[in-house]
Amino acid sequence: MAIDSSGWGLTLTLLIFSCVLAGRQTEAGVSDSRGKTRILGMRLEKCDTLAETTERGVIQVTEGANAVFRFYGLHLSPDSWKLIGFTELYSSDKEDDSFGAIILPLNRTCSELTKDIVVSPSMEVSNENTSGAISLKIKQLRKSEVVKVFGLCVLDKEEKEPTWYLLDDIDGRLRVVEEKKSLLPIWLQVIIISFLLVLSGMFSGLNLGLMALDPMELRIVQSCGTEKEKKYARKIEPIRRKGNYLLCSLLLGNVLVNTTLTILLDDLTKSGFGAVVASTVGIVIFGEIVPQALCSRHGLAVGANTILVTKLFMLLTFPLSWPISKILDCVLGQEIGTVYNREKLVEMLKVTEPYNDLVKEELNMIQGALELRTKTVEDVMTPIGNCFMIHSDAVLDFNTMSEIMESGYTRIPVYEDERSNIVDILFVKDLAFVDPDDCTTLKTITKFYNHPVHFVFHDTKLDSMLEEFKKGKSHLAIVQKVNNEGEGDPFYEVVGLVTLEDVIEEIIKSEILDESDLYMDNRTRKKVAPNKNKRDFSAFKHESESKVKVSPQLLLAAHRFLATEVSLFSPSQISDKVLLRILRHPDVIQDIKFNENERRSSHHYVYQRGKPVDYFVLILQGRVEVEAGNENMKFETGPFSFYGVMALSSPTLVAAPRPRHLSFKRFSLFSRLPEFRSPSHISGLNRTASLSGADRPESLSISGSNTQLNNSIPLQQYTPDFNVRALTDLQFVKVTRSQYQNGLMASRLDSTPQSPESGHSLARLGQTSPLAMDNATITDLGVDSTPTENGPDETTLLLLNEQNSPHTTNNSQLQNSV
């Protein structure tokens, strides 16, 4: 065991000794390698002049530069600068040496070091001794040299004789180029560049200012401008006539100046990019923006004050600009200038309105005159629905002539049958010798004067219409158009009226108002302010005339219908003459103007459910909606439907053989016969029924005893259980209970032989009966003391002839006594 242990120990000892010996040999080798300095390469670190690396990887500096190079190697020390030198490889008087990478015959030794590169006697070595920086001074090249290439040489001290070896073929080269010198001194270049900027701005401004002044505008300025403007225009106009020659000269001078400016900036900045940026900024600001902004507003003054410079450049550029201008003249033709048509003139006036000295009225007149030919009579006419017209069958009584005077028109169309059939024109001055009491027919006047009716088509231009009006034939024309819609042959349709005033208003772009106008504009229908001085002709009307105007034919139809269809107004109850007087009462015939926006307004209702009434209604014109019954059934009725018969049947005037409560009780629609009566069968209702109750003539007989007119019996009011609402404009007859009762009494008095006792009885009746009207009301009923045998025929004759005879009041002795 002891022997084995000693054997292992001997082996371990030998192993340790071998390791120590190998480590010492390694340290000896490292120490030997650390002692030898080697230069491996270099790079440019900084330079006080322009320096770069060429495309072939060769370092390039400018002559006379002070540069710092960093050298890379092994075991460098501050004294390693002694091992660095440069030798001249070749030189050239042109820059065609492939950026310093010309291949030379292989020669590893440097025969002679150059003195054009001075190496600084110190090296700043890094911490690891692998790199160091050395300052190099590059001297100026000779006058004949443009490029000189040097190679890096390294001194090898291991040789018996120290030898300089060329480090590398390409990477160790240094290319020195000639310093680029300015063409001119800097101060002179600055002056020239400033002058060129001024010229560039002048050419650019004149190009905009002079070329914007077309020959037509210069002629206008010479005629109507200020004295200064006239002077400027006279100077500019001769050269402005040569438009293409002037344009070529200005553009050629501008391009020449801008190009020269860029070259000088490139020489001054020594940088192509810097020259581009500087020239762009200078030309845009000082050569384009500022001068064009100035000349766009004061081109006339600038062009006149620089006219000599312009002529000089036109002379200098003559060899090139004149031939080009002639070619342009042949190709493009003569320059005329700006010519404005009607639309452009109107638009120019509108656009320049804030800047010209025209007042608004003058501007409107100019625009209206220029637009006159572009508009038609359809644009300014008054539609036929808004025109005031008179029917040819009208009688020139006080009402008709008052309506004409209140309209305020001096020329009034006269139509037949329908409003679109205009046959005559009535002048208000034609009525100068017409007496309203004569009730002259309108046809008599129109046929006597026989004014021509002037028709024009809707597409007639306003200028042509004005010429027609100026001829004096008429100042009012009927506008018509050909209607070819639908089946059948085309026909002329009247669509409106146009007057001389309409055309003049379109010219002056304003409305002409006089003291009789009702509307600001016939198209917009905007009403004028109320005229306090407007004459009211109603003061001359007779008090008994109806407020609502109806035709004699319609009044006769209402009279016949009430006398034959409504038992309360039958001749056995009310005589025909008294019924006619009732219908002619001012408050009997009424109307309702329908408002589409207020359909459910209270003034549209003739009857309202649950609201007591004391009047009877007969619809003459228009349509109504009836809502009746618990089921609220609705239906529409039209003319000659009547309501409220039960409101007139007073218990004080009705002698009933047995008790009846029909007049004082409300019934539903389907608990009895329908409550309305109309000549129309469309509704399917029984013609013998009425909403006011069953018509029973026997229950409405009038007692001759005056004891029925006493104050002891109270009056009962009729409360309808239905609604009657207007759907259109209405004209209706409204007879109140008092009017009807007075009519009954007047009819009985008319049919009773006159005696003194009857007169005293009527006087006592007026004192005791609360239902009796005052003297004026009963007098309006117009009881005639002379009995007639043929009542209806005489009434008809009286009604038709009343329009052709002066208004008279016939009061009998009986009426005066009542």
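Modeller: In this predicted model, Phe-273 is exposed, because its relative accessible area is 66% and the cut-off for exposed is over 50%. Phe-273 lies in helix H6, which covers residues 272–305. Together with Val-277, Val-281, Val-284, Ile-285, Phe-286, Ile-289 and Val-290, Phe-273 forms a nonpolar patch on the surface. The accessible area of these residues together is about 750 Å².

Next, the cysteines. Cys-295 has a relative accessible area of 6%, and the cut-off for buried is under 20%, so Cys-295 is buried. Cys-47 has a relative accessibility of 23% and therefore counts as partly exposed. The structure holds one disulfide. This disulfide joins Cys-110 to Cys-153, with an S to S distance of 2.0 Å. Cys-110 lies in the loop between strand S5 (84–92) and strand S6 (117–119), while Cys-153 is in strand S9 (residues 147–156), so the pair ties together parts that are 43 residues apart in sequence. The torsion about the S-S bond of Cys-110 and Cys-153 is about -95°, which means that the disulfide is left-handed. Both Cys-110 and Cys-153 are buried.

Three strands make up an open sheet, in the order S13-S15-S16, with mixed pairing. Strand S13 (390–391) and S16 stand at the edges; each has a single partner strand, so one side of each is left without a neighbour in the sheet. In general, the strands of a sheet pair through backbone hydrogen bonds, either parallel or antiparallel. Strand S15 (residues 411–415) and S16 run antiparallel and are joined by five bridges. Within this pairing, Pro-413 stands opposite Ile-425 in S16.

Last, a lysine in a loop. Lys-429 is placed in the loop between strand S16 (422–427) and strand S17 (440–441). With a relative accessible area of 63%, against a cut-off of over 50%, Lys-429 is therefore exposed. Lys-429 and Arg-411 are 18 residues apart in sequence, and their C-alpha atoms are 9.0 Å apart in space. Arg-411 belongs to strand S15, which spans residues 411–415.

Methods: Residues are numbered from 1 along each chain as its sequence is written. This is a predicted model: local features need pLDDT of at least 70, side-chain atom pairs count only at pLDDT 80 or more; totals for chains, interfaces and linings use all residues. Side-chain values use heavy atoms; hydrogens and water are left out. Patches are made of residues with over 30% relative accessible area and no salt bridge: like charges are joined within 9 Å, nonpolar side chains (Val, Leu, Ile, Met, Phe, Trp, Tyr) within 5 Å. Accessible areas come from the Shrake-Rupley method with a 1.4 Å probe; for residues, only the protein chains shown count as cover. A salt bridge is a side-chain nitrogen of Lys or Arg within 4 Å of a carboxyl oxygen of Asp or Glu. Helices (H or I, at least four residues) and strands (E, at least two) are DSSP runs, numbered from the N terminus. Buried means under 20% relative accessible area, exposed over 50%, partly exposed in between (1.4 Å probe, protein chains only). A disulfide is a pair of cysteine sulfur atoms within 2.5 Å. Two strands pair if DSSP finds at least two bridges between them.
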